[in-house]
Amino acid sequence: MQPQESSAGSAAGDTLGRRLLAFAGSPLFRGDAQVLHDRNPYRRMLVPESLAEPDFDRPPGPGEWSSHRSLAAHRLLGTFYESETVLLPEQGLAGLYEDFSAFYGQELKDLREGSVSALERFAFACLDDAVDVTGAATPEVLDAFFQHMVAEAAAGPSPALAAVAAAGDRARAADLYLVQLALDGLTEASAMSRNLAGAYGPEQSALFKIFIDEFGYGVYDAKHTTIFAKMLRSRGMADHVHAYWNFYLAGPLATNNYYYYLSRDHAKFFRYAGAVTYAEAVFAPAFVEMVAVFRDIFGDAVDLHYCDEHAHIDEHHGRITREQVLLALAERHGPRVVPELLRGVAEARLIGGWFEADTAEQIRWSDTLPRHRELAGAATAAGPPRRSVRTPDDPFGTRCHDGAMVLEIERGEAELFTTPTGPPERMARGDALLIPAGRLYGVRAATPETAFLLHPVSPDRPAAPA
Ligand SMILES: [Fe+2]
Ligand SMILES: [Fe+2]
């Protein structure tokens with residue numbers, strides 16, 4: 001029995017892995033020499049050469065949300081989901097029609113459709129055991145649980161915003177935080193749109209009311225994505241889908257994908273209702289906190305209309321979703337749906353925590369690179385190094401590793417990118433730096449040929465030297 005089961009599992013994982021490799025092998029996803037992506041929503045670096053590494057038979061566990069295979073899976077899944085939305089570049093399709101055709105074309109569509117369900121199971125299996133909803137059967141229990149979760153979130157502080165406020169380079173840390181919001185901010189409410197069709201009574205109209213607010217009541221200048229782009233421009237940052245693709249972390253990618261995951265499969269509709277209610281309720285206090293932190297750093301030099309709008313409107317949305325969606329669905333459809341509503345609340349809270357923790361860790365790491373040069377010296381090798389050779393024309397991509405690594409420049413010079421704004425970290429021959437497990441980075445050759453080594457080190461997180 002045992003060997004048969006595991007070999008069947010491997011075959012499934014192998015098939016998924018092969019399909020994903022074929023998808024990522026499209027010229028659209030192989031990247032180019034630039035660190036930020038051009039005004040072309042169809043191109044996004046999926047780092048195909050790193051996709052042979054993950055074991056797609058072994059879903060990331062609850063503590064592995066920032067692992068390499070989690071990042072790889074969520075990049076792919078996010079691309080799958082956005083292929084089911086309409087993305088057109090602001091400047092028009094001149095010169096990009098081929099890419100448009102390939103992105104939405106039959107070949108990639110077949111690969112997506114043949115793997116999306118298995119990839120979702122892989123990417124979100126970690127939620128299955130992480131949430132226990134037994135005993136939740138009445139609207140009263142649901143509401144008490146919901147209120148408790150929201151009060152806890154509102155009490156703050158947000159770990160990611162706390163990391164921004166405590167950073168040595170606060171402006172750069174704030175930019176990295178903005179980038180994590182951009183994933184959703186530039187395509188806001190796209191997942192929600194998938195729950196608007198059908199016929200489900202007053203709750204459908206309540207959700208629609210929220211949806212049209214997100215779309216500025218049909219006024220383009222008031223649409224939340226438009227005012228989000230304005231915030232990016234006020235920081236001198238790119239405002240197109242998805243300039244900062246290479247810098248989206250696994251936690252924020254998973255958060256964004258989660259709402260698509262629930263919206264693609266209406267068996268999970270009640271879970272979606274729980275999740276969106278939680279999200280709308282915690283947004284208002286989160287944006288109040290963000291305004292305080294960003295004003296403290298930038299004064300009036302940053303456009304926070306987006307945050308002010310959400311601090312205001314999401315108080316209203318939080319109320320509508322709780323009363324007219326969450327509790328109304330529980331009353332109308334009875335105890336059988338309550339565990340799913342509750343599961344949505346609990347999962348949204350959990351996954352929102354990954355967003356926060358991942359972003360906070362990346363901010364802290366990229367803010368203390370000199371310290372991580374010192375830590376490299378104190379690390380103990382745990383295996384033979386992997387060697388890479390790069391030229392400045394090679395495609396640029398970012399990745400992370402499941403365990404800590406020491407990056408050592410063997411020949412030439414390199415630029416290390418851990419955050420999308422500000423100068424990269426310059427590293428010369430012999431320089432070494434510790435990359436903690438799960439931290440995102442990209443290396444670009446700064447000399448005609450640069451060779452670097454990646455040494456696996458143990459323990460995962462070496463103690464700071466005395
Ligand atoms: Fe919004
Ligand atoms: Fe909202």
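Student: Which residues are linked in a network of salt bridges here?

Tutor: Side chains of opposite charge can pair when their charged atoms come close. We call it a salt bridge when a side-chain nitrogen of Lys or Arg is within 4 Å of a carboxyl oxygen of Asp or Glu. In this structure, R271, E340, R343 and E347 form such a network. Keep in mind that this is a predicted model, where local features need pLDDT of at least 70 and side-chain atom pairs count only at pLDDT 80 or more, while totals for chains, interfaces and linings use all residues. Residues are numbered from 1 along each chain as its sequence is written, ligands are numbered from 1 in the order in which they are written, and side-chain values use heavy atoms, leaving out hydrogens and water.

Student: How many salt bridges does a search of the whole structure find?

Tutor: The search turns up 32. One of them joins R399 and E53, at 2.9 Å from N to O. R399 sits in the loop between β2 (386-390) and β3 (405-411) and E53 in the loop between α1 (2-24) and α2 (68-82), so this pair ties together parts 346 residues apart in sequence. Those labels follow DSSP runs numbered from the N terminus: helices are H or I with at least four residues, strands are E with at least two.

Student: Is R399 buried or exposed?

Tutor: Buried means under 20% relative accessible area, exposed means over 50%, and partly exposed is in between (1.4 Å probe, protein chains only). R399 counts as buried because its relative accessibility is 12%, whereas E53, with 40%, is partly exposed.

Student: Which residue does R444 meet in a salt bridge?

Tutor: That's E415, at 3.0 Å from N to O. R444 belongs to strand β7 (residues 442-445) and E415 to strand β4 (residues 414-417), so parts 29 residues apart in sequence are tied together.

Student: Which residues touch the most other members of the largest nonpolar core?

Tutor: A nonpolar core is a set of buried Ala, Val, Leu, Ile, Met, Phe, Trp, Tyr and Cys residues joined through side-chain atoms within 4.5 Å. The largest one has 127 residues, and L119, Y177, Y258, M290 and F294 touch the most other members. Helix α12 (residues 269-298) gives the most to this core, with 16 residues.

Student: What is F294 in contact with, leaving aside its neighbours within four places in sequence?

Tutor: Contact means heavy atoms within 4.5 Å. With those neighbours left aside, F294 is in contact with L161, A174, Y177, L178, G299, V302 and L304.
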